[in-house]
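Subject: Structure for you to look at

Hello,

Here is the structure I promised to pass on. Please open it alongside this note, as the notes below go through it piece by piece.

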Amino acid sequence: MAAKKAKSAKNKPAPEDFRSEALALALEKQDVAAVALALRHGTTVVPLIKPGARDNPLDSGEVWTYRDPNSGDLALLLFSDAKNKPANLPPGVGIYDATWLRKFLAAHPITTVFLDIAGPHPMQADPVELLKALDA
């Protein structure tokens with residue numbers, strides 16, 4: 001039984017896996033080109049309403065988005081580090097790459113993207129411009 005516990009703990013992502021150092025540095029500098037490069041070639045942390053099933057690698061979970069109650073606008077929140085996600089958001093997180101981000105932005109009526117919205121270095125991006133940067 002102990003061997004099974006050790007094996008399952010070994011497969012869990014470490015806290016440092018839920019961080020993009022390149023994105024964190026780009027946001028710190030508020031460098032739009034570096035943010036685009038970090039998103040294009042790295043990963044980003046995304047809040048999840050419901051994490052994916054552990055035994056199904058095709059289930060990536062259900063992404064949490066914010067809908068403005070007055071305008072109906074839909075925002076996607078991305079984070080450079082899971083530690084930067086505000087506690088009032090759902091507790092689950094996923095880590096996704098540029099391919100996922102392209103598909104998600106193309107499939108959903110996202111009106112704005114917030115990066116590290118609660119800091120330490122927040123930035124806002126237009127989804128159309130973000131898609132252009134991902135495809136550059």
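In what follows, two residues touch, or are in contact, when they have heavy atoms within 4.5 Å of each other. Please keep in mind that this is a predicted model.

Overall layout

The chain contains five helices and seven strands. Going along the sequence, they come in the pattern α-α-α-β-β-β-β-β-α-β-β-α. Of the 136 residues in the chain, 37% are buried. The accessible surface is about 8,300 Å², and carbon and sulfur atoms account for 57% of that surface. If we take the contacts between residues at least 6 apart in sequence, 66% of them join residues at least 24 apart.

The pairing runs as follows. Strand E1 (residues 43-50) is joined to strand E5 (residues 92-97) by six bridges, and the two run antiparallel. Within that pairing, Thr44 is opposite Tyr96 of E5. E1 is also joined to strand E2 (residues 62-63), by two bridges and again antiparallel. Here Lys50 has Glu62 of E2 as its bridge partner.

The four-strand sheet

A further open sheet has four strands in the order E3-E4-E6-E7, and its pairing is mixed. Its edge strands are E3 (65-67) and E7, each of which pairs on one side only. On average, neighbouring strands in this sheet are turned by 25° against each other, direction ignored.

Which strands of this sheet run parallel, and which antiparallel?

- E3 and E4 are antiparallel, with three bridges; Thr65 has Leu76 of E4 as its bridge partner.
- E4 and E6 run parallel and are joined by five bridges; Leu78 is partnered by Leu115 of E6.
- E6 and E7 are antiparallel over three bridges; Phe114 stands opposite Gln124 of E7.

In soluble globular proteins, nonpolar side chains tend to be buried together. The largest nonpolar core here has 25 residues, and the members that touch the most others are Leu39, Leu76, Leu101 and Leu115. At least two residues come from each of H2 (21-29), H3 (32-41), E1, E4 (74-78), H4 (98-107), E6 (110-115), E7 (123-125) and H5 (127-135). H4 gives the largest share of this core, with five residues. There is also a second, separate core of seven residues, including Val45, Trp64, Phe79 and Leu89.

What does Leu115 contact, beyond its neighbours within four places in sequence? Its partners are Leu23, Leu27, Val35, Leu39, Leu78, His121, Pro122, Met123 and Ala125.

Two residues to look at

Thr112 lies in strand E6. Is Thr112 buried or exposed? Its relative accessibility is 12%, so Thr112 counts as buried, the cut-off for buried being under 20%. Its side chain makes a polar contact of 2.8 Å with the side chain of Gln124. Setting aside residues up to four places away in sequence, Thr112 touches Leu74, Ala75, Leu76, Gln124, Ala125 and Pro127.

Phe104 belongs to helix H4. At 10% relative accessibility, Phe104 also falls under that 20% cut-off and therefore counts as buried. With residues up to four places away in sequence left out, Phe104 touches Val63, Thr65, Leu76 and Ile110. Phe104 and Leu76 are 28 residues apart along the chain, and their C-alpha atoms are separated by 9.6 Å.

Regards

Key:
Residues numbered from 1 in each chain as written. Predicted model: local features only at pLDDT ≥ 70, side-chain atom pairs only at ≥ 80, totals over all residues. Heavy atoms only, no water. Buried < 20%, exposed > 50% of the residue type's maximum accessible area, 1.4 Å probe, protein only. Areas by Shrake-Rupley, 256 points an atom, 1.4 Å probe, with all protein chains shown as cover. Pairing = 2+ DSSP bridges. Core = buried A, V, L, I, M, F, W, Y, C linked by side-chain atoms within 4.5 Å. Polar contact = N/O pair within 3.5 Å; in protein donor to acceptor, adjacent residues only side chain to side chain. Axes fitted to C-alpha atoms, helices over the stretch in contact; angles between N-to-C directions.
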